[in-house]
Amino acid sequence: MKQEKAVVVFSGGQDSTTCLFWAKENFAEVETVTFQYGQRHALETEIASAISEALGVRHHLLDMSLLGQLAPNALTRGDIEIKQEEGALPTTFVDGRNLLFLSFAAVLAKQVGAKHIVTGVCETDFSGYPDCRDVFVKSLNVTLNLAMDYPFVIDTPLMWLNKAQTWELADRLGAFEFVRDRTLTCYNGIPAAGCGECPACRLRANGLATYLRESGREDVR
Ligand SMILES: [Zn+2]
């Protein structure tokens with residue numbers, strides 16, 4: 001894959017930053033694309049830009065603010081609380097969000113001459129998003145190739161990893177400290193370890209604790 005070019009769907013969070021390091025390891029040329037859709041925190045796009053710059057990759061910002069019109073939800077509207085009922089989709093859910101993101105990423109990828117689209121979707125910590133499942137990604141891959149008559153490959157390096165294994169992958173890529181210190185996962189817009197209270201922070205912290213415990217990795221903090 002070394003001669004090939006990839007576009008990474010990039011939010012500046014733990015998962016997509018790990019994917020960015022993975023892509024840099026596996027492809028000759030890498031670019032990132034971030035979708036703006038009324039994120040509560042403009043900081044999210046600032047961090048995505050800063051990380052792209054730090055890693056020397058070209059960063060594209062695409063305006064997807066129409067998502068807010070289509071699906072008012074906890075990410076796009078400050079007045080809706082982020083919560084997840086047992087067995088229900090989280091209130092952050094936007095129907096078809098990943099379908100749309102990957103489709104737009106594909107249009108961009110073809111324009112910049114990239115065959116690979118890298119996304120951090122994951123079926124293991126499955127939070128109920130049907131368009132993050134492996135079967136969906138494979139189906140969309142076929143559809144995109146037919147739609148644009150182009151040999152896209154959608155790469156999902158995190159698909160079967162849990163959060164602890166995602167930390168392990170970051171570590172293997174030499175990106176452990178970078179991911180820990182520079183990314184933003186928190187729904188409350190606090191970088192690195194975040195607020196510690198929201199579902200995203202809890203998932204991240206649990207995965208990190210598990211990885212540190214199971215790997216015996218020295219942790220000076
Ligand atoms: Zn948080």
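The structure is a predicted model, in which local features need pLDDT of at least 70, side-chain atom pairs count only at pLDDT 80 or more, and totals for chains, interfaces and linings use all residues. Residues are numbered from 1 along each chain as its sequence is written.

The protein chain contains eight helices and five strands. These elements are DSSP runs numbered from the N terminus, helices being H or I over at least four residues and strands being E over at least two. Along the sequence their order is β-α-β-α-β-α-α-β-α-β-α-α-α. Of the 221 residues in the protein chain, 37% are buried. A residue counts as buried if 20 or more other C-beta atoms lie within 10 Å of its own, as exposed if 12 or fewer do, and as partly exposed in between, with C-beta atoms placed from the backbone. Contacts are pairs of residues whose C-beta atoms, placed from the backbone, lie within 7 Å. Among contacts between residues at least 6 apart in sequence, 67% join residues at least 24 apart.

In soluble globular proteins, nonpolar side chains tend to be buried together. The largest nonpolar core here has 51 residues, and V8, V9, A23, A105 and I117 have the most contacts inside it. Such a core is a set of buried Ala, Val, Leu, Ile, Met, Phe, Trp, Tyr and Cys residues joined through C-beta atoms within 7 Å. Residues up to four places away in sequence aside, A23 touches A6, V8, V30 and V118.

Helix α1 (residues 14–26) packs against helix α6 (residues 163–172) at an angle of about 35 degrees, and their axes are 10 Å apart. Axes are lines fitted to C-alpha atoms, for helices over the stretch in contact, and angles run from 0 to 180 degrees between N-to-C directions. The contact joins Q14, D15, T18, F21 and W22 of α1 to T166, L169 and A170 of α6. By class, four of the residues in this contact are nonpolar, three polar and one charged. Ala, Val, Leu, Ile, Met, Phe, Trp, Tyr, Cys and Pro count as nonpolar, Asp, Glu, Lys and Arg as charged, and the others, Gly among them, as polar.

An unreviewed UniProt entry places a "binding site" at F10, S11, G12, G13, Q14, D15, S16, T17, T18, C19 and L20. UniProt positions follow the numbering used here, feature names are shortened, and annotations may be inferred rather than shown by experiment. D15 lies in helix α1 and counts as buried because it has 25 C-beta neighbours inside 10 Å. T18, also in helix α1, is buried with 27 other C-beta atoms within 10 Å. Beyond four places in sequence, D15 touches G120, C122, L158 and T166, while the contacts of T18 include G120, L158, T166 and V179.

The unreviewed entry in UniProt also gives the feature "binding site" at C186, C195, C198 and C201. These residues are spread over 16 residues of sequence but cluster in space, with a largest C-alpha distance of 6.8 Å. C195 is in the loop between α7 (176–182) and α8 (199–215), and C201 is in helix α8. C195 is partly exposed, with 13 other C-beta atoms within 10 Å; C201 is partly exposed, with 18. Neighbours within four places in sequence aside, C195 is in contact with C186, N188, I190 and C201.

Terms used: Contact = placed C-beta atoms within 7 Å.
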